[in-house]
Amino acid sequence: MDIRYAKMLKWFKHNHPEYLDRWIESVSPNQIICKRWLVDTLKTVQIPRGAYDKFTVEIIGAWYGFPLIQFLIEEYGEQIRSFYIFETDSFCKTVIWKYFMFFGYDTSKLKFHGDYFKPKESDYEDGKKRRSHLVINTSCEHMPDMESKLRACYEYPERTLVALQSNDKRDEPDHINCVDSCKELLEKNSLKNILPNLGERKVMKADAEDYYNRFMVMGKWKSS
């Protein structure tokens with residue numbers, strides 16, 4: 001085991017044992033597979049860049065943030081200017097901060113926000129529209145579609161790369177927005193596909209003796 005995750009395990013056990021099961025789920029084999037899959041696929045596309053060839057990442061519904069953030073930093077390092085974390089659960093923000101401390105990452109790159117789907121003035125950069133380059137949502141089944149009106153938060157929405165994952169596992173009570181194909185995931189979120197195919201699918205093992213499909217797409221918002 002990576003000693004840094006061992007430190008997180010110990011921190012949860014001694015400080016927040018009531019959330020320990022949730023933390024274990026956040027680093028389950030399925031979670032690791034899906035986050036690794038996303039970052040590996042990102043290497044096959046062009047991420048938009050800003051000044052000094054750096055880019056800003058937004059993560060929607062970040063949960064505990066890792067291992068996704070770890071994989072991104074290991075792959076892109078100082079190319080990442082900052083992380084905008086959109087998460088409504090304040091405890092999740094505490095966990096992400098703790099991860100950054102244990103991993104020795106630069107906490108000044110962390111910028112926390114609330115509900116992505118209810119943007120506020122504080123979600124903007126110094127009162128201006130955001131210039132984020134990469135938007136990631138690996139939990140689309142848990143939340144509304146990223147409707148085209150959300151483009152208004154960005155200064156250059158037509159350049160922003162959007163990476164989404166969802167699934168067809170409808171037997172989970174909190175899965176409110178499942179899809180049955182990559183094509184459906186693209187269409188529901190008003191995206192133009194940029195991958196060679198419409199997207200990618202993985203067959204995932206559930207806790208019981210059954211399986212479900214996980215879908216991933218990468219694209220850019222269609223013109224409003």
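Predicted model: local features only at pLDDT ≥ 70, side-chain atom pairs only at ≥ 80, totals over all residues.
Visitor: What makes up the chain, in terms of helices and strands?

Guide: The chain has six helices and eight strands. Starting at the N terminus, their order is α-α-α-β-α-β-α-β-β-β-α-β-β-β.

Visitor: Why is the chain said to agree with a compact globule?

Guide: A compact globule of 224 residues would have a radius of gyration near 17 Å. The chain has 17 Å, so the value agrees with the rule. Along the principal axes, the C-alpha atoms fill a box of roughly 50 × 45 × 30 Å.

Visitor: How many of the residues are buried, and what share of contacts joins residues 24 or more positions apart?

Guide: Of the 224 residues, 49% count as buried. Among contacts with a separation of 6 or more, 75% are between residues 24 or more positions apart. The chain exposes about 11200 Å², and carbon and sulfur atoms supply 50% of that area.

Visitor: How many charged side chains are there, and how far apart are the centres of the two sets?

Guide: There are 35 positive and 34 negative side chains. The centres of the two sets are 5 Å apart.

Visitor: Why are Cys92 and Cys182 called buried?

Guide: Buried means under 20% relative accessible area. Cys92 has 4%, so Cys92 counts as buried. Cys182 has 9%, so the conclusion for Cys182 is that it is buried.

Visitor: What makes Leu164 buried or exposed?

Guide: The relative accessible area of Leu164 is 0%. The cut-off for buried is under 20%, so Leu164 is buried. Leu164 is in strand E5, which covers residues 161-167.

Visitor: Which residues does Leu164 touch, leaving out those up to four places away in sequence?

Guide: Leu164 touches Asn137, Cys140, Met146, Leu185, Asn189, Leu191, Phe215, Met216 and Val217. As for Glu187, its C-alpha is 12 Å from that of Leu164, and the two residues are 23 apart in sequence.

Visitor: Why is Asp53 called partly exposed?

Guide: Partly exposed is the range between buried, under 20%, and exposed, over 50%. Asp53 has a relative accessibility of 48%, so Asp53 falls in that range. Asp53 lies in the loop between helix H3 (29-42) and E1.

Visitor: What is the phi of Asp53, and what is the phi of Trp63?

Guide: Asp53 has a positive phi of about 60°, although Asp53 is not a glycine. For Trp63, phi is near 55°, again a positive value in a residue other than glycine. Trp63 is in the loop between E1 and H4.

Visitor: Which residues does a cis peptide bond join, and where is Pro67 found?

Guide: The cis peptide bond joins Phe66 and Pro67, with omega about 15°. Pro67 is in the loop between strand E1 (55-60) and helix H4 (68-76).

Technical notes. Residues numbered from 1 in each chain as written. Heavy atoms only, no water. Helix = DSSP H or I, 4+ residues; strand = E, 2+ residues; numbered from the N terminus. Rg over C-alpha atoms; globule rule 2.2 N^0.38 Å. Buried < 20%, exposed > 50% of the residue type's maximum accessible area, 1.4 Å probe, protein only. Contact = heavy atoms within 4.5 Å. Areas by Shrake-Rupley, 256 points an atom, 1.4 Å probe, with all protein chains shown as cover. Lys, Arg positive; Asp, Glu negative; His and termini not counted. Charge placed at Lys NZ, Arg CZ, Asp CG, Glu CD.
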